[in-house]
Amino acid sequence: MTSASFWQATAEPWQPPSPTAQTFDCLIIGGGIAGGAAAYALAQAKPAWKLAVVDRRQIGGGATGRNAGFLLAGTADHYAVSVAKYGRATARDVFATTVASHDHIRAFLARYPTVACDYLPCGSLTLAGTPDEANVLAQSAELLREDGFNVTFLPSDPLGRGFYAAIHNPHDAGIHPVKLVRALIEQSGAEVFEHWPVTALETTPDGVRAHGPRGSLRAERILLALNGEAVHFSPDFADKVFPTRGQIFVTAAYPRRLLAEVVYANHGYEYFRQLPDGRFLFGGGRRAFASTEIGTDETPTAEVQGFLESFKDRHFPELSGLPIDYRWAGVMGFTPDGLPLLGTLPNHPQVWFSLACHGHGMGFSLEVGRLAAEMVQTGCPPARFDLARLKPA
Ligand SMILES: Cc1cc2nc3c(=O)[nH]c(=O)nc-3n(C[C@H](O)[C@H](O)[C@H](O)COP(=O)(O)OP(=O)(O)OC[C@H]3O[C@@H](n4cnc5c(N)ncnc54)[C@H](O)[C@@H]3O)c2cc1C
């Protein structure tokens with residue numbers, strides 16, 4: 001059973017115009033934020049191109065409609081961990097990618113002031129669940145400031161909820177992810193094929209064809225933006241993309257505002273926010289259930305949901321007994337090194353892909369979309385996220 005998320009349930013009914021063409025300059029398969037951001041970037045760069053976005057479900061039916069709506073800078077790792085993992089220059093570049101992405105979102109919203117995405121420039125708190133994690137946060141804040149990113153280390157829990165320390169990033173935000181992806185696709189002018197599964201690709205002398213039970217579409221080039229489901233689409237992704245489940249619930253509205261920021265805790269394994277209408281969203285639990293939270297099944301489980309409820313009651317006892325109105329799960333795409341994956345499909349030189357932004361696809365979205373659009377035009381994947389980095393030397 002797949003449950004609709006709060007975002008899918010609260011976005012106004014939306015009916016994109018019926019498609020009129022079957023041949024495109026670029027066909028984007030996958031109508032999540034990766035596909036939507038790439039469509040928008042391509043429309044800016046190549047206004048004469050005919051674009052289409054195809055999805056086996058509705059737009060925002062995948063992880064994009066099933067996340068927490070956090071716009072956080074950086075990856076899931078604390079910055080000191082990223083520096084140790086990738087080296088200073090790469091860690092800084094990756095962080096800068098997410099900062100640029102957020103800037104593009106602000107520019108998009110400023111350009112289209114009537115677009116309503118419930119954007120909340122509320123800042124974020126990253127909370128340490130242990131004294132050791134507090135030390136990592138202190139180091140991370142120092143490294144971030146040295147690298148020019150403006151964050152503040154707080155040596156105690158600013159919420160008074162049993163944590164040990166925090167980083168405050170005033171630039172982070174919250175957003176309604178389904179409204180954002182729809183707006184990007186709408187403004188791109190792409191034709192939209194919903195409930196249109198693609199099951200096979202065929203490279204022909206006149207381009208590439210995407211075949212499925214509802215018909216065939218032809219394009220000069222294709223961008224696959226399938227996230228974790230890429231593993232079902234092509235065996236080429238089997239050892240590179242690892243579908244991983246995440247779970248969330250949303251309570252009924254609480255009458256008092258307890259939280260302003262979006263909050264990440266316990267190395268990002270748990271997260272929460274109070275929504276504009278007073279509801280609380282809690283997500284995570286993946287570290288405690290690492291062996292079951294894998295694969296592409298979007299069914300929430302009693303075990304993880306129960307774990308999240310205990311987390312809520314431990315840190316916010318005043319919320320215990322508040323009804324839970326929405327429970328859902330979504331599937332992220334992970335890679336072996338924690339970074340997104342862009343490149344071209346073997347044997348299909350006109351088929352490109354942009355996948356696997358882990359648990360930070362909203363944070364990476366518009367800049368990775370811009371890089372994907374550039375890759376499709378120039379034929380060069382961005383070095384930082386190129387599939388080539390995962391190939392044995
Ligand atoms: C529980 C949870 C919480 C999260 N919280 C956050 C957060 O707060 N902030 C953040 O930045 N990130 C968060 N993430 C991660 C973020 O949601 C993802 O990184 C991002 O949405 C990925 O976008 P995407 O477009 O790559 O994938 P998706 O949104 O999954 O889109 C892929 C699309 O491809 C379609 N598709 C697949 N196969 C086919 C096919 N054969 N034919 C046609 N269509 C197909 C699917 O239907 C789907 O709509 C979270 C993820 C989860 C699961």
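This is a predicted model: local features need pLDDT of at least 70, side-chain atom pairs count only at pLDDT 80 or more; totals for chains, interfaces and linings use all residues.

I begin with helix 2, residues 33-45, and helix 6, residues 177-188. Their axes come within 8 Å and cross at roughly 30°. Angles under 35 degrees count as roughly parallel, so helix 2 is roughly parallel to helix 6. The crossing of these two helices is left-handed. On the helix 2 side, the contact residues include Ile-33, Ala-37 and Tyr-40, and among those on helix 6 are Leu-180, Leu-184 and Ile-185. By class, the contact of helix 2 with helix 6 comprises 9 nonpolar and 3 polar residues, with no charged ones.

The second pair is helix 3, residues 79-86, and helix 4, residues 88-111. Here the axes are 7 Å apart, at an angle of about 130°. Helix 3 and helix 4 are therefore oblique to each other, and their crossing is right-handed. Helix 3 contributes Tyr-79, Ser-82, Val-83 and Tyr-86, while helix 4 contributes Arg-88, Thr-90, Ala-91, Arg-92 and Phe-95. This contact of helix 3 with helix 4 has 5 nonpolar, 2 polar and 2 charged residues.

Finally, where does helix 9, residues 361-378, bend? The bend is at Glu-367, and amounts to about 40°. Just after helix 9 comes Gly-379, with a positive phi of about 80°.

Thank you for your attention.

Key:
Residues are numbered from 1 along each chain as its sequence is written. Side-chain values use heavy atoms; hydrogens and water are left out. The bend at a residue is the angle between axes fitted to the seven residues ending there and the seven starting there. Helices (H or I, at least four residues) and strands (E, at least two) are DSSP runs, numbered from the N terminus. Axes are lines fitted to C-alpha atoms, for helices over the stretch in contact, and angles run from 0 to 180 degrees between N-to-C directions. Angles under 35 degrees count as roughly parallel, over 145 as roughly antiparallel, 65 to 115 as roughly perpendicular and the rest as oblique. A crossing is left-handed if the near helix is turned anticlockwise from the far one by less than a right angle, and right-handed if clockwise. Contact means heavy atoms within 4.5 Å. Ala, Val, Leu, Ile, Met, Phe, Trp, Tyr, Cys and Pro count as nonpolar, Asp, Glu, Lys and Arg as charged, and the others, Gly among them, as polar.
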